[in-house]
Amino acid sequence: MIAGNEKSAMTSMERVLTTLGHQEPDRVPLSLLLTIHGARELGLSIKEYFSKAEYVAEGQLRMLKKYRHDCVNPFCAAAMAVKAFGGEVIWYEAGPPNSGEPIIKTEKDILSLQVPELSDTPCLVRMLESILMLKEKVRDEVPIMGIVVSPFSLPVMQMGFSAYIELMHERPELFNRLMEVNQEFCVAWANAQIRAGATVVCYFDALLSPTITAGVHRETGFRIARNTLARINGPSAIHMATAATLPVIEDVIATGTSIIGVSIMDDLAELKASCQGRLTILGNLNGVEMRRWTPEQVEKTVKEIIAVAAPGGGFILADNGEIPWQVGEEVLTAVSDAVHKWGRYPLVFHNE
Amino acid sequence: MISENKEVLELVDQLVRVDRLGAEKIFNAVREQTSMSRTVDHLILPALEIIGRGWEEGTVALAQVYMSSRICEELMAHAPPSSSLKHPDHPPMAIAVLEDYHLLGKIIISSCLRAGGYVFHDYGRVTPHELAKKVRDDSIEIVLISTLMLRSALQVKEVKRLLVEAGSSTRIVVGGAPFRFDPLLWKEVGADAMGANAVEAIAAITSCVKGNTK
């Protein structure tokens, strides 16, 4: 593959918007979902890094410059949404914070659950401040990604996965009550991020995948997604983390979302054929495996992905969820170099 | 080799539809005609294997795998205790989750093991040091470790180091998302085997008992 007549350089925003319009921009947009790596840039612990909005904004700006990618992402962790409901956040030295002991243990806990006020949750307020700071710096040149955990997937952390599956199957009235509360929170949290300056909201919902739920439960998840996304005042992406998406692409499109986050669990060529002209693909570097890739492996993988998914636009190169702490600077730089080398439109392919 | 006879396929159908009564009816019908041991070998485990394979192939959802394993565990729990212990002579075993609060994988494996007649310690959520100590204290020979995050998967290395340092030859079987996404990770962390699902975990246990690794 070689670069042909290169298009004039675009801003990251123009590049992403062009690919979302299913046209070819100047090069394939790169969106590394870097969250905790900003701590390393600033020489801070992960917990310390997320203690101040200024740190996160600075970390994102440094990574934007270093890796020359096309998005900033001031998200901390999914556990922060549970923190808003009174949950515990557990911090680690070498990984993202996790939610702790489930907060919902009884039927009464669901019946008494209230929609939390965003202003009462400092970690959410800090994220909004980070978005405001980033917006001031990147203006309309770089997309800012907001992130929410869907009402349908949040209970995995609120009450534990097994208890939630049982609730879904056996206590529909309590399930509905939980969804009502979670949906109100999700809409408020997403719209607050949009107001602060987020360009797009990534709606994390692994439970929409046929890998995780089936039948009427998955249909319910999609109904909730359609209703929730309709109330969010901005464009959205649906991300199912590392779970399969291909069998439910038509359902995803029916939500009105613009982007689908995918992993290696899907065949990228089939996915491209299904999404062509209708849905932009975000993916699908293997975030777990990539920490031990050599620069040569990175280049080969990036080239292969671009060859399959980038023609015609509608594609943003990314990892499959969140890049682990163990993925080093050398690998991330190699990903960026490969995209800048092989992702220039028009894409021209050798038989190699 | 799975025995895909009529009863097995009917049980699979009831399980993925989360029909407890339907599953119980099939279980009781088979149980009345044969021993508990044969019911486990020729009905329960083959059904769970088909469901596990369905998850690998994308035709069965994780929620269905979980509910199926719970139903099978309940069916076994209602059987006479003496007859439900199919493998009383297997080496001392334990299962644990390293640090995470995401326990689903461990719960599914535990349910399937119990449904298969295995007896084991459940250590719940532990740190590497806690796990190594419990393994030594209970003279565990096979420990199954479930993880969700790469960070915790890499902590298996520490468990291995602590066990080796203590002179333990306990076999480690790992499972969970990081090991599915990086097929070389189980070797890197010093595990003896990897089980992508419950049936693979049981196969790994069998392999460890025979002294093999895979």
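Figure 1. A:Asn284 sits in strand β8 of chain A (strands are DSSP runs of E with at least two residues, helices are runs of H or I with at least four, and both are numbered from the N terminus). This is a predicted model, where local features need pLDDT of at least 70 and side-chain atom pairs count only at pLDDT 80 or more, while totals for chains, interfaces and linings use all residues. Residues are numbered from 1 along each chain as its sequence is written, chains are lettered from A and ligands numbered from 1 in the order in which they are written, and side-chain values use heavy atoms, leaving out hydrogens and water. Now look at the link between A:Gly283 and A:Asn284: the peptide bond there is cis, with omega at about -15 degrees. Most peptide bonds are trans.

Figure 2. You'll find A:Pro346 in the loop that links α15 (329–342) to β10 (347–348) of chain A.

Figure 3. An α-helix has 3.6 residues a turn, so residues three or four places apart point the same way.

**Figure 4. His22 of chain A, a residue with a positive phi.** A:His22 isn't a glycine, yet its phi is positive, at about 60 degrees. Its spot is the loop between α1 (12–20) and α2 (37–42) of chain A. Is A:His22 buried or exposed? With a relative accessibility of 19%, A:His22 counts as buried.

Figure 5. A:Leu111 belongs to helix α6 (residues 107–111) of chain A. Its relative accessible area is 48%, which makes A:Leu111 partly exposed. Set aside the neighbours within four places in sequence, and A:Leu111 is in contact with A:Leu174 and A:Arg177 (contact means heavy atoms within 4.5 Å). How far is it from A:Leu111 to A:Asn233, C-alpha to C-alpha? The separation is 29 Å, for two residues that are 122 residues apart along the chain.

**Figure 6. Val18 of chain B, another positive phi.** Over in chain B, B:Val18 has a positive phi of about 55 degrees, although B:Val18 is not a glycine. B:Val18 lies in the loop between α1 (6–16) and α2 (20–33) of chain B. Most residues other than glycine have a negative phi.

**Figure 7. Val65 of chain B, tucked inside.** B:Val65 is part of helix α4 (residues 62–77) of chain B. B:Val65 is buried, at 11% relative accessible area. Leaving out neighbours within four places in sequence, its contacts are B:Ile51, B:Trp55, B:Val60 and B:Ile108. B:Val16 is 49 residues away along the chain, and its C-alpha is 7.4 Å from that of B:Val65.

**Figure 8. The surroundings of the chain A views.** Chain A has 15 helices and ten strands. Its radius of gyration is 20 Å, close to the 20 Å that the globule rule gives for 352 residues, so chain A is as compact as a globular protein of that length (the radius is taken over C-alpha atoms, and the rule is 2.2 Å times the number of residues to the power 0.38). Buried residues make up 61% of the 352 residues in chain A.

**Figure 9. The surroundings of the chain B views.** Chain B has twelve helices and five strands. Its radius of gyration is 17 Å, close to the 17 Å that the globule rule gives for 214 residues, so chain B is as compact as a globular protein of that length. Its C-alpha trace spans about 50 × 35 × 30 Å along the principal axes. Of the 214 residues in chain B, 56% are buried.

Key. Buried < 20%, exposed > 50% of the residue type's maximum accessible area, 1.4 Å probe, protein only.
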